[in-house]
Amino acid sequence: MTLHLLYIDPGSGSYLVQVIVAGALGVAFFFKNIGRFIKNAWWYVRSLFTRSQKNNT
Amino acid sequence: MTQQITQPLDSSFRDPSGFVFEKDGTIYRQVNKIFRDDFDNFIGSGCYDQLIEKQWLIPHEEIDKNFTGSPGWYKTLKPQRVPYITYPYEWCFDMLKDAALLTLQLTRECTQFGIILKDATPFNVQWLDGKPVFIDTLSFERYDESKPWIAYRQFCENFLSPLLLMHYSRQPLQSLSSAYPDGMPLSLTRSLLPWRSKFSFHTYLHIHMHERLSSRSAGKENQKENTLLFSKKKLFRLLDSLYSLTNSLQWKGDATTWGQYYEEANQRDDYVLQKKKVTIEWLSQLSGTASAIDLGANEGVFSFLLAAKNMKTIAADSDHSSINRLYQKTKKEREKNILPLLIDLANPSSAIGVNNKERISFIERTNCDLGLALALIHHLSIGKNIPFGKIAELFRSLADQFIIEFVPKADPKIQLLLKGKKDIYNDYNQENFVHSFEKYFLVQKKQEIGNSGRTLYMMKRHG
């Protein structure tokens with residue numbers, strides 16, 4: 001262990017880490033939402049397509 | 001007349017906001033003036049009432065009296081008493097997981113009231129009526145939305161680290177928690193976790209990346225940190241991520257030989273049935289027995305008998321899988337009287353922490369009305385080479401009265417224990433057993449269990 005680590009209060013902080021972690025979670029959340037939007041859109045288009053096929057028969 | 005000064009408990013010294021003390025057998029918590037604003041805000045905002053309604057926090061009543069005579073006194077609280085204090089290194093995996101989830105839920109709930117939890121240590125959680133409950137009423141401070149969660153690192157070290165290590169290694173690692181009561185250093189967790197844990201996004205963020213970034217920035221003067229702004233939305237993301245990670249962790253340890261103990265024992269004629277019959281009969285003759293400890297409880301078949309008699313029962317066993325299963329069972333059946341605990345009687349939890357007084361030893365904490373030691377003595381005596389005299393000495397400090405089963409050497413289970421090891425147990429016989437226990441106990445009853453060759457004893461501590 002590096003000497004300076006011995007002087008750090010382990011209970012406090014990790015402020016910078018939390019900002020970065022929360023940022024990473026935000027990015028993940030953003031892409032997850034895009035994924036969810038594409039998935040929903042795909043199911044919507046598919047249901048429209050199957051409905052029109054049923055109407056034609 | 002000199003005024004008697006009441007001292008804080010040996011475990012209560014870290015937080016200047018107040019301390020816990022005992023007076024005339026009652027536990028009190030003093031709130032110091034320094035914490036007045038935060039405490040009044042916690043009560044006044046409705047946060048306390050909400051947490052009490054959800055049964056997440058220990059309720060208290062306010063006493064308008066300065067028992068300690070300290071000039072920093074603001075208020076005295078009398079919290080509901082927790083019948084038996086336990087420590088995280090005595091909890092099974094699922095108990096630690098539930099305590100972690102409670103801590104996160106509590107933190108999220110408090111923010112609605114403009115309050116946040118400033119500590120995230122499992123020592124602030126205890127077990128009441130089969131459920132985890134937060135006990136530190138002075139851990140709630142005013143929430144500043146621009147600041148990150150002060151207890152984030154503490155949560156990762158105290159809850160997430162042991163849970164992740166047990167999840168991935170499939171080994172009970174409670175002894176690591178007792179070696180690091182202030183939390184497992186993230187560098188240690190990171191080095192012990194398998195490489196594949198990096199593929200878990202949340203594990204990567206909260207352990208691997210957390211440790212790397214904090215070890216790089218540690219010791220460097222970082223003025224930027226004070227200017228970094230956080231938000232409630234970011235805090236919720238962080239808490240949700242910790243919650244979903246914690247909730248996804250599971251105890252996947254292999255079933256041990258003890259897993260099928262009762263299944264196998266039940267097949268031995270009507271041995272377990274006979275034993276239950278005698279035990280139930282003896283229990284029905286007892287009066288004023290409020291607390292009990294079932295030593296070597298396994299999956300708690302006999303602990304449930306004690307609980308049914310309304311005894312607050314500690315079900316202790318050294319086998320992690322058995323205790324974890326018992327905990328799941330008590331949760332499912334909403335059994336309020338059973339407290340499953342991971343205790344190795346050959347090495348019970350010792351006193352640890354500052355001055356070796358901060359956390360009390362298992363023996364010092366335990367003094368029940370009744371003890372149960374069924375099919376256990378031979379495991380301690382022959383399995384662990386502990387003489388009867390030392391076992392009797394241990395039992396004397398745990399309970400006032402005992403129901404003990406003696407298994408003779410000719411029993412197939414003892415023969416199994418002796419297989420592959422030299423029989424040096426010439427002193428192992430019923431006569432020596434009774435003689436050793438009579439030093440501390442008075443034999444009240446004795447009955448053979450059917451045709452099993454095993455004998456049940458009821459004993460009472462002298463004096």
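How many bridges join strand β2 of chain B to strand β4 of chain B?

1. Strand β2 (residues 26-32) and strand β4 (residues 73-79) of chain B are joined by 4 bridges and run antiparallel, where strands are DSSP runs of E of at least two residues, numbered from the N terminus, and two strands pair if DSSP finds at least two bridges between them. Within this pair, Arg29(B) stands opposite Leu77(B) of β4(B).

2. The model is a predicted one, in which local features need pLDDT of at least 70 and side-chain atom pairs count only at pLDDT 80 or more, while totals for chains, interfaces and linings use all residues. Residues are numbered from 1 along each chain as its sequence is written, and chains are lettered from A and ligands numbered from 1 in the order in which they are written.

3. The open sheet of chain B has 4 strands in the order β1-β2-β4-β3, with antiparallel pairing. Its edge strands, each pairing on one side only, are β1 (18-23) and β3 (60-63) of chain B.

4. Chain A has 1 helix and 0 strands, helices being DSSP runs of H or I of at least four residues. Helix α1 (residues 15-56) of chain A has 42 residues and reaches 61 Å from its first C-alpha to its last, close to the 62 Å expected at 1.5 Å a residue, the expected span being 1.5 Å times one less than the number of residues.

5. Phe388(B), Gly389(B) and Ala392(B) in α16(B) meet Asn432(B), Phe433(B), Ser436(B) and Phe437(B) in α18(B), contact requiring C-beta atoms, placed from the backbone, within 7 Å.

Notes: Contact = placed C-beta atoms within 7 Å.
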